[in-house]
Amino acid sequence: MQARSPDSICLDDTYCLDVSPTAACAAAAAGEDATDDLCGVTSNRKKQEVYSPTGDLSFLPAAVRGSPHHADGRLLVIKVLGTFLGDAAEASRRLVERVRRALAPLAGREGVCGLHDTRRCNLALQIQMTLNRFCANASLNYFLRTMPEEATREAARLHDRLIGEAFDKFTAGRLSSTAQRRAALQQARLPVKLGGAGLTSMSAITDAA
């Protein structure tokens, strides 16, 4: 339940756990009525959803996301504090898509790879390397800490591949041999204080996370 009002009063997300789906929905409805009656805060029903891997949800109306009567059917995962919980395969698919969208601006002529020096500014490479580093160390490690490894493995591999491909383009890797490109990327994965570019490999830190 996430509440909004014209006065921008905001209640954080509310979760009902460790109870039956019927009891959880009843508690959510009671909370919705109370905040509306006592505080004048109306819940944003578009963001309400119900998830249960095995519970009976047949009592839910079709308008509620997660209801078996909803157009999208039962939810395979639920998003909690930004992370995907539930079916590992579906959580992995959602996370992979998130990584793909997040790193899309790195590639292509219209992206970071397309930056080039001009007469007035010759800092393209510095900007490319800085943005690539920010993308490499942004938020995926949060998901590594909050989701099981089987749900993050593919996303970590995709992240490392896209960051590595961008680095290769920035440094004109096409002019080097495969061994040279591999060695350059291996060094780039090191922290800056150790002579690297700080492009941390998410696959390499999965166990530690």
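**Notebook: a walk through the helices**

I began with Q128, which sits in helix α3, residues 124-136. For the helix and strand labels I used DSSP runs numbered from the N terminus: H or I over at least four residues for helices, E over at least two for strands. A reminder to myself: this is a predicted model, where local features need pLDDT of at least 70, side-chain atom pairs count only at pLDDT 80 or more, and totals for chains, interfaces and linings use all residues. Residues are numbered from 1 along each chain as its sequence is written, and side-chain values use heavy atoms, with hydrogens and water left out.

**Entry: Q128**

Is Q128 buried or exposed? I found it buried, at 6% relative accessibility. My scale was the following: buried is under 20% relative accessible area, exposed is over 50%, and partly exposed is in between, with a 1.4 Å probe and protein chains only. Next I looked up its contacts, meaning heavy atoms within 4.5 Å. Setting aside neighbours within four places in sequence, Q128 meets V112, C113, L115 and F170.

**Entry: α5 against α6**

I then turned to helix α5 (residues 149-170) and helix α6 (residues 178-188), which pack at an angle of about 115 degrees with axes 11 Å apart. The axes are lines fitted to C-alpha atoms, for helices over the stretch in contact, and the angles run from 0 to 180 degrees between N-to-C directions. That angle makes α5 roughly perpendicular to α6. The classes I used are under 35 degrees for roughly parallel, over 145 for roughly antiparallel, 65 to 115 for roughly perpendicular, and oblique for the rest.

Which residues make the contact? From α5 I noted G164, F167 and D168, and from α6 R181, A184, L185 and A188. I sorted these contact residues into four nonpolar, one polar and two charged. Here Ala, Val, Leu, Ile, Met, Phe, Trp, Tyr, Cys and Pro count as nonpolar, Asp, Glu, Lys and Arg as charged, and the others, Gly among them, as polar.

**Entry: aromatic rings**

How many aromatic pairs does the structure hold? I found two. Rings of Phe, Tyr and Trp (its six-membered ring) pair if their centres lie within 6.5 Å; planes under 30 degrees apart are stacked, over 60 edge-to-face, and the rest tilted. F84 and F143 have ring centres 6.5 Å apart and planes at 10 degrees, so I wrote the pair down as stacked. F84 is in strand β4 and F143 in helix α4 (residues 140-146), so the pair ties together parts 59 residues apart in sequence. F84 is buried, with a relative accessible area of 5%, and F143 is buried at 3%.

The rings of Y142 and F143 have centres 5.5 Å apart and planes at 75 degrees, so that pair is edge-to-face. Y142 is partly exposed, with a relative accessible area of 28%. F84, Y142 and F143 form one aromatic cluster.

I found S92 in helix α2, residues 88-103, and buried at 11% relative accessibility. Not counting residues up to four places away in sequence, S92 touches E150, A151 and E154. E149 belongs to helix α5 and is partly exposed at 37%. E149 and S92 are 57 residues apart in sequence and 9.5 Å apart in space, C-alpha to C-alpha. Beyond four places in sequence, E149 touches T206 and D207.

**Entry: L81**

My last stop was L81, in the loop between β3 (77-80) and β4 (83-86). L81 has a positive phi of about 55 degrees although it is not a glycine. Most residues other than glycine have a negative phi. L81 is exposed, with a relative accessible area of 62%.
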